[in-house]
Amino acid sequence: MTKTFIIAAMAATLGLSTAAAAADLVFTSWGGTTQDAQKTAWADPFTAQSGINVLQDGPTDYGKLKAMVEAGSVTWDVVDVEGDYAVQAGKAGLLEKLDFSVIDKSKLDPRFLTDYSVGSFYYSFVIGCNKDAVSACPKTWADLFDTAKFPGKRTFYKWSAPGVIEAALLADGVAPEKLYPLDLDRAFKKLDTIKADIIWWTGGAQSQQLLASAEAPFGSFWNGRLTALAETGVTVETSWEQNITAADALVVPKGTKNKEAAMKFIAAATSADAQANMAISTGYAPINLDSSAIMDEKIRMTLPDMQSASQINADMDYWAANRDAIGERWYAWQAK
Amino acid sequence: MALLTERDNTTVMGKIRPVRSRNFALTVPALLLLVVFFILPVLSLLLRSVLEPEPGLGNYQALLGSTTYLKIFLNTFSVSALVTVVTLAIGFPVAWALAIMPSRLSSIVFAILLLSMWTNLLTRTYAWMVLLQRTGVINKTLMGLGLISEPLPLVNNLVGVTIGMTYIMLPFIILPLYGVIRKIDPAILQAAALCGATRWQALTRVLIPLATPGMVSGALMVFVMSLGYFVTPALLGGTANMMLAELIAQFVQSLVNWGMGGAAALVLLVVTLALYAIQLRLFGTARMEGR
């Protein structure tokens, strides 16, 4: 990663000797198809329009971000992070306040707005199933947690983050409006019942591989990864029943030397056009409220924001406040 | 080293010293580099373990007082020990075969060994994942042959970790063992046969004892390397057999709890250094004395 970054940086300095050297910007995200889409939908048009070159780095690493800020040598200018982390890191003093005279926040989804962050894109945890591999597909979280009705391995997101605990509680019959504060004891008890049948996925690509190979014929996935997998010819069934939404956020680490350019980049990335293009190529929903109006109707219908009937919004403030405590318990439970 | 071991120490010592100190001066730039870019950062992480979130030994108390973390320590040792034993069991016959086979053939085997060492670790681990999974080549073949009716659980568990790590560690035991076995005079084995030893006796009472230093130093190296292994257990193992390096990565990257990360790293470092000291004690000095 560092090596690609250095190579990219060298190539950029060589190629852009005429452009102002200080005008380069480093954007860090999670890699894979999502970052490719962010480059095409956000960075390339931004460079064409502003002349500011955007270098891609990744994957996002909270340890690295903290180390950069503490050491006062920040090389990441705009970072795509998880929504709950953005809230927490803002409070911990690791982020720059965003300049809302540059970024027009009136058009942005208020659910994902803080002083330090705006939404990047939003996604849902949905139930995915490889239809060719099994005779029946689970439709609800309760189904996915029912090993008698649906025997076999199932896959879930490995890291401590909004999504799996909520799914366990919903499967156990907790009403959506009573979800928060999360009843962790109850959630882990429910998770215990399927623990031996869980294969954890650590990243989007792995989740696709597990489903496509039917190593785990069903599980909980980021909706965009299922859209992408279906395009490769795998017969994927997606159940949006009680889909759990969470958002990624764009943040600027404290002490960046390119603060002004970073704000301009975020303004461009969250514009209606950029968000619409990102949504079209990834299947994630835009966080700009004007984007859906300019999108093709057919594509729009497949996005998480059209699945609001039984949608559950993960509570980012709750997660930000309890992230560390839940994380410790989560990993201890996994290792047990 | 070769010079030192072959000469008589007492006569050589006086002459060697000045040469040694001159050589040492040459290493100063490299040492400085190590201090600045390696030792200082490690020290600062270790310091955090007693300073964050508050000064004291709280992190160590939390680490050593929790049954979960103790389980991870125990698991780290047992997986490493298992990998070492399996690696040795496979590596010894291979090293022996390499030592006695015609050199043209052995150079091909070496090429294969080295090629696998030079291939990216992640690629090799993913390859194992594809081979071992329930719908992978191995399970499909076995089911196709009618040997099993249900896929064997070969990955996301201890079996997967052991296979993946053994594969990666094999060169580290074969190469030193090969060196030791090559140095054993074939005449010794002939002598054993002439004196009426069976093949088994020649193996267990002559060859293995002579190869023991190579086996132990190779095994210690594999064991120590396994203790700190990260990628392979993370990808081929389940969460139930998590190893220490994964725990450290979790503390540093996901939980951003550097105090606990530093504490776990120090525990790993102390254990590793202790094992290294044992290795030096048992074999380092013996070599220096030219035995």
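Guide: With a record. UniProt, in an unreviewed entry, lists residues 73-279 of chain B as "domain: ABC transmembrane type-1". UniProt positions follow the numbering used here, feature names are shortened, and annotations may be inferred rather than shown by experiment. This is a predicted model: local features need pLDDT of at least 70, side-chain atom pairs count only at pLDDT 80 or more, and totals for chains, interfaces and linings use all residues. Residues are numbered from 1 along each chain as its sequence is written, and chains are lettered from A and ligands numbered from 1 in the order in which they are written.

Visitor: How much of residues 73-279 of chain B is helix, and how much strand?

Guide: Helices (H or I, at least four residues) and strands (E, at least two) are DSSP runs, numbered from the N terminus. The span is 81% helix and 0% strand, and its end C-alpha atoms lie 21 Å apart.

Visitor: How is chain A divided?

Guide: Domain bounds come from an automatic or database domain assignment. Domain 1 of chain A covers 2-122 + 247-306, and domain 2 covers 123-246 + 312-335. Their C-alpha centres lie 27 Å apart.

Visitor: How many residues does each chain give to the contact between chain B and chain A?

Guide: Two residues are in contact if their C-beta atoms, placed from the backbone, lie within 7 Å. Here chain B gives 16 residues and chain A gives 19.

Visitor: Which element supplies the largest share on the chain B side?

Guide: α12(B), with four residues.
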